[in-house]
Amino acid sequence: MTRTESASEPVLAPFLARDLALPRGKPTPPEWVTTPRFGFSSCSSDPWSAKTPRRSRKAPGTVSAVSSTAQEGLQFDLSSKRIGELITLADSAAAAASTGWHEVSTSLQPCRDAADIDAIAVAFDYRMTEAGEADESVFASAWTLGGKTYPAPLGTLPTSVADLWAAVADSSSTSPVRARLNDLLFSLGRQPRHIHAERACLAYLELSVGNWIPLYRALALVRALDIARQMKRDDLAQRTMAQMITDAREYVEDAEWHPGVPFRLLKRLVAEKNPPEAVDDLLATARTRYADDPHIEADVAALQRRRAKGNKDELDRIDREIATIWIAAAETTWGLRKMNHLIKAIEYSRNHGHNDLVAQATKALQEIDNDEMGLQSIRRSVEIPGEQIRRWVDHIAADDDWRVCLQRFTHGGIGVPPSGLTDENRARVEVLKQQAPLFSMTPRVMLGGDGLPRWRPQDDDERELQKLAFVESTTMDFTAPIFAQALVEIGTNHSPSREELQDFFVAQNPSISAEIARVLADCLLRYWSGDDEACVYLLAPKIETMLRNLARSLDEPVYQTQRNTTPGKYVGVGVLLQFLGKRGLDESWGRYLAILLSSPMGWNARNELAHGFFEGVPGPLAALLLQAALYIATLQPSSDEPSEDGDGSS
């Protein structure tokens, strides 16, 4: 696909959106990140300073771990005296811990200049995931930042570290040390593996009745059962499940509110091929106990559903109950929370074939008005020097020939769309992840002009696309008023006639029809007369017409015939842009058009206009729609085939 131009592209100072870009360069770790490593800090009273190999001290912010910085040739002192000293230190740290594994590592922190102490502390920095018995890789790194990972993956550790862990685990007197080190050795496949597995299980069972907080005691039991099943030790599994039933009942009946503890225990028990008989009664008790929280009750009901596998009537009953949980919860709240509850009810009911509940929840959703939502308008302001804006506007609008002015306006001034270049926007997303981690981790529900939810990301890929769309939309927020001002000045300074405009569009691209040229000219004149509303409502459907005609000229299938009771129809703008992207449309321009016209992640202007959800049409929106239409009007099929990577000339 090629873009026709009748004048050379002008050279211009940097695009304004780039001047407003986020800071470039590799971000440094934020201050709140602690970077444990061998040789992290000194110990004021290190009794082994002359006996233990030390690592060179690194500059602040560097990350070393057992994997990438520990040389395979590193050897530790495994004498009985030294191991006894390490055991004393580790057991002392573990005995003082009660809130989790990290507390053991934190207690060892002052002495981590000693390499062997650091190697012991690293063991307690791994994050234990709830992977289940089918996956042995339950130990994950605590964090990854700037390409650095800590702790290093287990499989990359030097054998000397495992040797040290084994020596300490053999004689430790505290259950946290024996549980964690033996479990790590078991996960590494260290022989004798069955011995490490048994010792880990027994230590987890001991830990589960100790003084740790309830959540970690429950996780210890879950892990013990996973290991027992992996090693086919039914005796240990039965002993563990009995303790899980006892603890789950105690926590459910306890007046203190800690639903996550019994839920984890019950979830793991339900995953058993033959769960204990008490599980069903405990699930029913838990639903009653936690009925005040729809999230917890629905999760427990989902466990009941797993127990009903194969019983269609029971499954239907529980499915309706789960949907009703969300509908009932929505009736007791308001605003965004009410909306979210109803969305959950609609999605669950639709996925499980209960259309009457879909209709019930949808009616309630439609009754939520904008006032009830409690939404607030957030305005952001950036100071841009007036001379910079003036320079940009003048570049587009100050030429003596209005044709040159319109060409510059059409092609974004320097050939860059108002949303910016996609590669640069992806780089800005990466900067945002580092500088605003909470923002980048929080998905957003996109609402339409009527206040109803349009879209929310469903997986990691869509979350990444949403972040990219945010950067693109924000850039458009900044650039749209400048393009609007430039277009106003083109009309004010030159006042081309309708006939001149039509002739210009046809001369620029002979493949466009006289009707399209007439509409484009009419919309420009309406914009210059201040009739933004008539401009956009006349223009929006013609933009789709131009995209459809272009796709048809490339032999793309733009029409879908009737399917059962669904009448035949043309594909939408989003699909048309996908077709054109495959045939050579520049990625940055394709994404800009999608964000502006059809993507629920962006402005979605074509659909919002079609449904009448704009209360008054802002001039910057009209200007960008005109700019998009004029750009599309320059596109025509190329005789050259697009390259395999989808790039085409433009």
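A: E587 counts as partly exposed, at 41% relative accessibility. Partly exposed covers what falls between buried, under 20% relative accessible area, and exposed, over 50%, with a 1.4 Å probe and protein chains only. The model is predicted, so local features need pLDDT of at least 70 and side-chain atom pairs count only at pLDDT 80 or more, while totals for chains, interfaces and linings use all residues. Residues are numbered from 1 along each chain as its sequence is written, and side-chain values use heavy atoms, with hydrogens and water left out.

The side chain of E587 meets that of R426 in a salt bridge, 2.6 Å from N to O. The term requires a side-chain nitrogen of Lys or Arg within 4 Å of a carboxyl oxygen of Asp or Glu. This pair links distant parts of the chain, since R426 is in helix 19 (residues 422-435) and E587 in helix 26, 161 residues apart. Helices are DSSP runs of H or I with at least four residues, strands are runs of E with at least two, and both are numbered from the N terminus. R426 is also partly exposed, at 36%.

Helix 26 spans residues 587-597 and also holds R591. R591 counts as buried, with a relative accessibility of 19%. Leaving out residues up to four places away in sequence, R591 touches T422, L465, L468, A469 and E472; contact here means heavy atoms within 4.5 Å.

A UniProt record, an unreviewed entry, places the feature "domain: DUF4209" at residues 584-615. UniProt positions follow the numbering used here, feature names are shortened, and annotations may be inferred rather than shown by experiment. That span is 53% helix and 0% strand, and its end C-alpha atoms lie 36 Å apart.

R390 is partly exposed at 35% relative accessibility, whereas E489 is buried at 13%.

By the salt-bridge rule, the count comes to 43. A search of the whole structure finds zero disulfides, a disulfide being a pair of cysteine sulfur atoms within 2.5 Å. The sulfur of C523, for instance, has its closest cysteine sulfur in C535, 4.8 Å away, which is too far for a bond.
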